[in-house]
Amino acid sequence: MARLIHLNGLSRVGKSTLARRYADEHPGTLALDLDVLAGLIGGWQKNFFAALEWARSHGRELATRHLSQGYDVILPQLVTVHDRDPDPAFEAAARATGATYIEVALLVDAREHLRRVRDKRPINAVEARLQAVLEDPDSDLIDRIRGHLDEYLAKRPHVIRLDTTGIGEDQSYMRLREALDAT
């Protein structure tokens, strides 16, 4: 049975890296990075959130088609209380195609998260833009997003929670694989 694996978590926690690695090791799996898709939409620099909404819409269609053909989709995407109520559609897309929906929250403590944000080297224009916003010393965005994610997760007890604090990519990936194998 096909699975839609949603990797949720704060920016720079490793969602895209682990999604890409999973897809590389599982032929046919679609690593559906909506931030990358948003960067392909003209005008994203002026209104990233509008481009992200379009990317979500296109992404749902891609996911539905891929799942319908019997292949897994892994979706590295932050979802918080501000996103979930208006858009439960990826979970619904999985159910509509007979696929299993699995949500995994990649967690990290606040101190290490800040270190990861500072150490991140963007690999494309979208990441560079997000990096600049996250590193703004006059912004409390990181703290607000952390609070919004915590609030979201408190209402979703079935989400698999993986603490990545103090471990690297290899161990995080191993824990992700173990969690997915157990479902």
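This is a predicted model: local features need pLDDT of at least 70, side-chain atom pairs count only at pLDDT 80 or more; totals for chains, interfaces and linings use all residues.

**Entry 1: salt bridges**

Side chains of opposite charge can pair when their charged atoms come close.

How many salt bridges does a search of the whole structure find? I got 14.

Arg 21 forms a salt bridge with Glu 169, with the closest N and O atoms 3.3 Å apart. Arg 21 belongs to helix 1 (residues 15-25) and Glu 169 to helix 9 (residues 169-181), so this pair ties together parts that are 148 residues apart in sequence.

Arg 21 has another partner. I found a salt bridge from Arg 21 to Asp 170, where the closest N and O atoms are 2.8 Å apart. Again the residues sit in helix 1 and helix 9, so the pair ties together parts that are 149 residues apart in sequence.

Arg 21 is partly exposed, at a relative accessible area of 23%. Glu 169 is partly exposed as well, at 42%. Asp 170 has 54% and counts as exposed, because the cut-off for exposed is over 50%.

Which residues are linked with Arg 21 in a network of salt bridges? I listed Glu 25, Glu 169, Asp 170 and Arg 177.

Next I checked Arg 115. Arg 115 forms a salt bridge with Glu 112, the closest N and O atoms being 3.5 Å apart. Both residues lie in helix 6 (residues 110-119). They are three residues apart, about one turn of the helix.

Is Glu 112 buried or exposed? Glu 112 has 12% relative accessibility and counts as buried, because the cut-off for buried is under 20%. Arg 115 is partly exposed at 40%.

**Entry 2: how helix 1 meets helix 9**

Two packed helices are described by the angle between their axes and the distance between the axes. The axes of helix 1 and helix 9 come within 10 Å. They cross at roughly 65°. I recorded the crossing as right-handed.

I wrote down the residues that meet. Helix 1 contributes Thr 17, Leu 18, Arg 21, Tyr 22 and Glu 25. Helix 9 contributes Glu 169, Asp 170, Ser 172, Tyr 173, Leu 176, Arg 177 and Leu 180.

I also looked up Glu 178, which lies in helix 9. Glu 178 is partly exposed, with a relative accessible area of 48%. I computed its separation from Arg 129: 49 residues in sequence and 33 Å in space, C-alpha to C-alpha.

**Entry 3: aromatic rings**

A pair of aromatic rings is described by the distance of the centres and the angle of the planes. My search of the whole structure returned two aromatic pairs. In Trp 44 and Phe 48 the ring centres are 6.4 Å apart and the planes stand at 80°, so the pair is edge-to-face. Trp 44 and Phe 48 are both buried.

Phe 48 and Phe 49 also pair edge-to-face, at 5.8 Å centre to centre with 75° between the planes. Phe 48 has a relative accessible area of 11%. Phe 49 is exposed, at 62% relative accessibility. The ring pairs link Trp 44, Phe 48 and Phe 49 into a cluster.

**Entry 4: nonpolar cores**

Which members of the largest nonpolar core touch the most other members? They are Leu 4, Leu 32, Leu 34, Leu 67 and Phe 90, in a core of 21 residues. Helix 2 (34-38), helix 3 (48-68), strand 3 (73-76) and helix 5 (89-96) are the elements that give two or more residues to this core. Helix 3 provides the largest share, six residues.

I followed Leu 34 in detail, leaving aside neighbours within four places in sequence. Leu 34 is in contact with Leu 52, Ala 55, Arg 56, Gly 59, Leu 75, Gln 77 and Phe 90.

Note on methods: Residues are numbered from 1 along each chain as its sequence is written. Side-chain values use heavy atoms; hydrogens and water are left out. A salt bridge is a side-chain nitrogen of Lys or Arg within 4 Å of a carboxyl oxygen of Asp or Glu. Helices (H or I, at least four residues) and strands (E, at least two) are DSSP runs, numbered from the N terminus. Buried means under 20% relative accessible area, exposed over 50%, partly exposed in between (1.4 Å probe, protein chains only). Rings of Phe, Tyr and Trp (its six-membered ring) pair if their centres lie within 6.5 Å; planes under 30 degrees apart count as stacked, over 60 as edge-to-face and the rest as tilted. A nonpolar core is a set of buried Ala, Val, Leu, Ile, Met, Phe, Trp, Tyr and Cys residues joined through side-chain atoms within 4.5 Å. Contact means heavy atoms within 4.5 Å. Axes are lines fitted to C-alpha atoms, for helices over the stretch in contact, and angles run from 0 to 180 degrees between N-to-C directions. A crossing is left-handed if the near helix is turned anticlockwise from the far one by less than a right angle, and right-handed if clockwise.
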